[in-house]
Amino acid sequence: MADDVKKLTIFDVQEKVAAGEKVFQVTATDYPTALLVDRSGIEFILIGDSLGMTALGYPSTVPVTMDEMLYHAKAISRAAKRSILVGDLPLGAYHASTSDAVSNAMRMVKEGGADVVKMEGGEDVAPMIEAVVRAGIPVMGHMGLTPQLISKLGGFRVQGKSAAAGAQLIRDADALERAGCFAVVLEAIPDRVAALITERLEIPTIGIGAGPHCDGQNLVLHDLVGLFDRFLPKFAKRYANVGETIDAALREFQQEVRDGAFPAAEHSFVMDDAEYEALLRELGDGD
Ligand code: KIV
């Protein structure tokens, strides 16, 4: 892709949503996956802490550290020429104080190369979000199922199914908008509640397991292309099975080497006959 490609801004996305267009966010984990997402026209590349599971093999996002996020963010940011880069702040990076929130958001932007940050939570994290926004860094909220608080939520469960829980989600959404979020991810909530939130908020909603009424949709690339087979959440759809393709390629590679089909002449380097004979003579001299 040409170097003069235009970088999107959060205002471009807000305009698209105002014009009734859907917008997209995909979680990438490294340079090659981010290149593919960037070239596909997806508006947001999420440096999501789900990389703890898909790239680092942790059982959840809980153990992911700020340093691990930055390591991946640096690689991803070298690839993102057009998409807006959203850097997740991991568990512990913003929960203790507003000053932690601002300094880790600054690290994500200055060291990681993210354009904006994402923070999980509702009313409870609104003060931290407000501080980061006041410091000049745009924040994407993330509410509903917030995987960083998996212990508190009792597992990866749909949130907001009762009237009372739905009302809390609405209060959370209002708090995130008031705190200054430019967009909000709605994860694993009933589609009707997501529709109500999308209707009442001025800022775009990006759903993942939140039904079709959100302004945009988010998927994790590894789920979308079948590169992670430990589990597939109910709300994710697999559009390809790259894992199967890789598995078949690995097996074919081994078979071809055993059969003598690889490496073939076109994969080998040649030495001139004269040089080869000279080498053999030299070896003979050494005897
Ligand atoms: O880390 C991630 O990929 C996310 C999305 C699931 C929204 O937070």
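Which loop holds P263? P263 sits in the loop between α11 (242-259) and α12 (273-286). Helices here are DSSP runs of H or I, at least four residues, and strands are runs of E, at least two, numbered from the N terminus.

Before going on, some ground rules. This is a predicted model, where local features need pLDDT of at least 70, side-chain atom pairs count only at pLDDT 80 or more, and totals for chains, interfaces and linings use all residues. Residues are numbered from 1 along each chain as its sequence is written, and side-chain values use heavy atoms, with hydrogens and water left out.

**Stop 1: backbone exceptions.** Most residues other than glycine have a negative phi, and most peptide bonds are trans. Select F262 and P263. The peptide bond between them is cis, with omega near 0°. Now jump to A188, in the loop between β6 and α9 (191-200). Phi of A188 is positive, near 50°.

**Stop 2: domains.** Colour 10-240 as domain 1 and 245-283 as domain 2. These bounds come from an automatic or database domain assignment. The C-alpha centres of domain 1 and domain 2 are 47 Å apart.

**Stop 3: the largest pocket.** Select L145, E187, I208, P233 and F235, which lie nearest its centre among 30 lining residues. Elements giving two or more residues to the lining are α3 (51-54), β4 (116-120), β6 (183-187) and β8 (216-220). The volume is about 600 Å³. A pocket is an open set of points on a 1 Å grid over the protein atoms alone, where a 1.4 Å probe fits, with protein on both sides within 12 Å along at least five of seven lines; lining residues have an atom within 4 Å of a point. Points are joined across faces, edges and corners, and the volume is the space filled by probe spheres set on them.

Colour the lining by class: 14 nonpolar, eight polar and eight charged residues. Nonpolar covers Ala, Val, Leu, Ile, Met, Phe, Trp, Tyr, Cys and Pro; charged covers Asp, Glu, Lys and Arg; the others, Gly among them, are polar.

**Stop 4: helix pairs.** Axes are lines fitted to C-alpha atoms over the stretch in contact, with angles from 0 to 180 degrees between N-to-C directions. Under 35 degrees counts as roughly parallel, over 145 as roughly antiparallel, 65 to 115 as roughly perpendicular, and the rest as oblique.

- Select α6 (126-134) and α8 (163-179): the axes come within 8 Å and cross at roughly 20°. The two are therefore roughly parallel.
- Select α2 (31-39) and α4 (66-79): the axes come within 8 Å and cross at roughly 40°. This pair is therefore oblique.
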